[in-house]
Amino acid sequence: MLAKNRASFVPYLIAAVLSTGQIAFGQAASAPAAAPAAAPATAPAAGGTGQPAEGPGGEAAKPAQGFDAPDAKVDTMWRNFLHYVTIAQVELATSTANALVASDVQPKDVYLASIQPDNPKPEAILARAAKLQGMKELCDKIAKIILDGYQTYRSDPKYIDKSIRDMGTTLQAYYRAKEQIKISGEYALPQLIYMFGNANTSDTLRERIVTVLPEMGREAVRGLSCALEARDLKVVKVVANALGRIGYYHAAPSLRTALDRQDVSKDPDLVNVITAALQSCLQNGNNPAAINKPPAELYYDVALKYYYQHESLKPDERFDTAVLWHWQGEKLVPNVKIPREVFCDLYAMRMSRVALVNDPRFYPAVPLWLCAGFKRELDLAGAKIKADPTHPDGTQPHKVYALASSPRYLHEALARALNDQRLGGTYAAPLAIKVIEVLGMNVGARSLVEPLNDGAQPLVQALGYPDRHVRYPAAEALVLALPQERYNGSQLVMFVINEAVKQRNALLAVKDNDKKNSLKDLLRKANYEVIEEIEPDRIVQSMMNTGGIDVIIMAGDINPVQVLPRLRSELILQNTPLVIFDEGEKLSEMARKDGKTVVAGFAVGEPEFNKAVGDALKLTAGEPLTPEEVSSWSIRASKAIRLLGLTANKIYDINSSRMGLIGTLKSDNKDVRVAAGEALAVINMPECQQALGAMAILADTPEEVRIAFCNSATEHTRRFGPMLAEDQIKTLVTLVSDEKNRPSDALLVALSTLLGSQNVTSDKIQGLITSTVDHD
């Protein structure tokens with residue numbers, strides 16, 4: 001019994017947080033239900049005499065019955081550690097702990113030393129040690145080493161083989177070995193199944209294997225499900241029986257597939273066993289009606305559970321890796337180096353793929369497979385893992401398969417990502433971004449906006465996504481597709497593009513002058529350009545004229561409860577964040593229901609104001625854009641607008657972009673300014689040419705940017721005719737004719753070209769000619 005009790009430490013091994021001086025223990029690998037946390041113990045070390053249990057050269061204790069003996073030196077170190085912790089000798093305990101975590105000490109030996117029957121439980125002694133000054137971190141390390149040793153030992157084929165063979169001997173040895181096999185868990189499956197099918201295995205051992213398989217619990221389900229592919233029907237029968245008794249839903253697809261095998265159908269008793277097992281799994285999964293589903297649907301159901309990481313399917317979180325099972329050549333083969341973070345993604349892909357193998361026309365499995373593959377990449381990146389052993393170098397990147405997929409499946413994948421956002425999915429936005437990128441690369445305009453069977457237009461829906469990282473590429477993809485026909489939602493595209501061009505507009509809707517001036521000052525300090533309107537219809541019109549509003553600021557003197565429904569009825573304002581500087585339960589309730597509104601008391605200083613605005617922006621903007629991303633998207637949006645102008649696209653109204661582009665001409669980023677100028681060059685509005693001219697003649701503008709603005713203004717003139725104001729032409733004449741403050745040759749040529757493009761009359765360029773009086 002001592003060995004059994006000591007071995008029972010393993011299922012509750014270190015999931016460990018030592019912040020309170022206690023260790024919280026994880027669920028047993030083989031246990032279907034969570035075990036209670038172990039309470040800290042204060043039992044003294046063996047001996048209890050104030051002296052180490054064994055001296056430095058003392059004899060190692062006898063190993064627990066059925067377990068290998070630990071290394072003698074490590075066993076002595078562990079016993080000394082127990083002793084020094086018990087008598088609270090911090091310095092000696094710390095020194096011994098440092099020796100235990102040294103690089104030349106094998107985790108397996110530390111684990112074996114920790115489970116000897118005459119020692120207190122390691123979880124108890126570590127909890128006690130963690131309370132000693134300065135030892136918490138060391139205890140964390142020792143806990144991790146014990147856990148690693150446990151994992152190494154329980155997966156050791158030699159240890160498993162010995163345990164299996166012991167099961168076929170005496171009854172006492174069987175009970176002890178059975179507990180040890182349950183500790184090994186799924187790692188024991190290949191040898192158990194091999195021994196069961198081996199003709200040389202004794203009937204006694206075979207019967208005991210049949211008994212132990214169902215007791216291995218949830219961890220064994222995946223490996224056993226693979227073993228249903230065995231050609232040996234005796235193996236299939238015992239495996240099906242075990243799966244039925246364990247009773248987890250994710251075994252159902254494999255059991256259902258086994259029923260369709262021709263060799264199985266010829267064995268009525270085997271059919272009954274598999275059918276009963278299938279019913280048990282479906283009943284425990286609260287879906288008994290699924291007995292009539294074809295295998296493809298069952299695999300898809302399980303794939304969805306893996307994709308959303310159902311609790312019963314997640315791998316043991318104590319370990320960095322997990323087991324991906326394969327049935328190869330009548331053998332159960334584990335791949336045990338799968339990063340835990342991508343385990344569910346890989347099984348979701350596998351279940352989706354097998355669904356298609358069972359029914360090639362079961363199309364829902366395709367977009368789920370695409371999503372799971374992208375999510376695998378995201379999970380690898382999130383865990384900072386560079387390599388996945390299931391995708392070695394040379395394997396096609398997942399993007400290749402996505403590019404080769406039809407628009408229908410990509411749209412279905414995007415629809416899932418958008419829906420995941422509503423469900424609070426962690427990776428909803430990054431997943432949507434990956435799918436949109438592919439859609440923009442290989443899908444034409446008609447396919448981009450073609451509704452799905454349920455009428456949804458995922459890419460159009462993405463224009464209203466509460467994260468700019470999703471909205472912007474969606475709008476860009478719809479622009480670059482250059483549609484020739486209007487479609488439902490096309491009017492939203494330019495609002496998002498304009499938002500990307502310039503992102504610092506705020507609309508202030510406040511009547512009281514003192515409040516208005518106070519809030520206006522705070523907005524300007526936050527680098528917002530302020531637009532003032534108080535009527536809802538005027539607010540909507542301002543949104544159109546300015547090319548986008550980042551945030552609306554209100555105070556209580558305009559009744560938000562009445563105004564907000566009107567604003568939200570407009571597509572362009574459905575995702576615009578609102579900050580109300582007022583108080584009241586009615587306003588708070590309204591903000592909660594709206595989900596894009598923040599209510600703050602009016603008496604605020606700059607920090608409180610910035611926080612309220614920042615909180616509101618987070619509700620609809622998602623993760624903040626970095627300064628580099630802001631500039632990049634402004635440039636990309638400007639290029640998209642220019643493309644629309646060059647192609648004379650009739651679907652999108654680029655005139656709505658002019659105000660945002662004009663404001664962007666003053667950006668601190670040179671490339672952003674130049675891109676905005678090139679976009680203005682294709683918009684047929686006088687203010688576009690005049691804004692370019694104004695910046696071209698402004699001395700404070702860097703020379704290379706002035707030249708770019710001159711070129712854009714000249715291009716605009718060639719396209720649409722002269723539109724510069726008279727005072728701008730006079731300034732150009734002065735700049736070109738001023739030999740004392742002569743600009744560089746390059747700028748002089750650009751200014752002269754712009755002046756000449758205006759086709760001015762002689763009286764307007766008289767000064768230019770008369771300035772050459774000394775030249776002849």
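Predicted model: local features only at pLDDT ≥ 70, side-chain atom pairs only at ≥ 80, totals over all residues.
Let me begin at a glycine: Gly-247, whose phi is positive, near 80 degrees, follows helix α12, where helices are DSSP runs of H or I with at least four residues, strands are runs of E with at least two, and both are numbered from the N terminus. Residues are numbered from 1 along each chain as its sequence is written, and side-chain values use heavy atoms, with hydrogens and water left out.

Staying with α12, this helix covers residues 233–246, and its 14 residues reach 20 Å from the first C-alpha to the last, close to the 20 Å expected at 1.5 Å a residue, the expected span being 1.5 Å times one less than the number of residues. At its start, a side-chain oxygen of Asp-232 comes to within 2.9 Å of the backbone nitrogen of Lys-234. The buried residues of α12 include Val-235, Val-239, Ala-240 and Leu-243, where buried means under 20% relative accessible area, exposed over 50%, and partly exposed in between, with a 1.4 Å probe and protein chains only. Among the elements that cover these buried residues are α11 (221–227), α13 (252–259) and α15 (268–284).

Let me turn to helix α26. Its 13 residues, 513–525, should span 18 Å at 1.5 Å a residue, and the end C-alpha atoms are 18 Å apart, which agrees. Lys-516, Leu-519, Lys-520, Leu-522 and Leu-523 are buried in α26. Seen down the axis, the buried residues of α26 fall within an arc of 165 degrees, so they line one face of the helix, the arc being that of the directions from the helix axis to the C-beta atoms. The face turned away from that buried side carries the exposed residues Asp-514 and Lys-525. Just after α26, Asn-527 takes a positive phi of about 65 degrees.

As for strands, β1 (residues 321–328) and β2 (residues 331–339) pair in the antiparallel sense over seven bridges, pairing requiring that DSSP finds at least two bridges between two strands. They form a hairpin with two residues between them, and Gly-329 in the turn has a positive phi of about 55 degrees.

Where does Ala-387 lie? Ala-387 sits in the loop between α18 and α19 (398–404), and with a relative accessible area of 52% it is exposed. Not counting residues up to four places away in sequence, Ala-387 touches Pro-339 and Leu-380.

To finish with the whole chain, it has 38 helices and seven strands, and buried residues make up 51% of its 776 residues.

Note on methods
Contact = heavy atoms within 4.5 Å. Polar contact = N/O pair within 3.5 Å; in protein donor to acceptor, adjacent residues only side chain to side chain.
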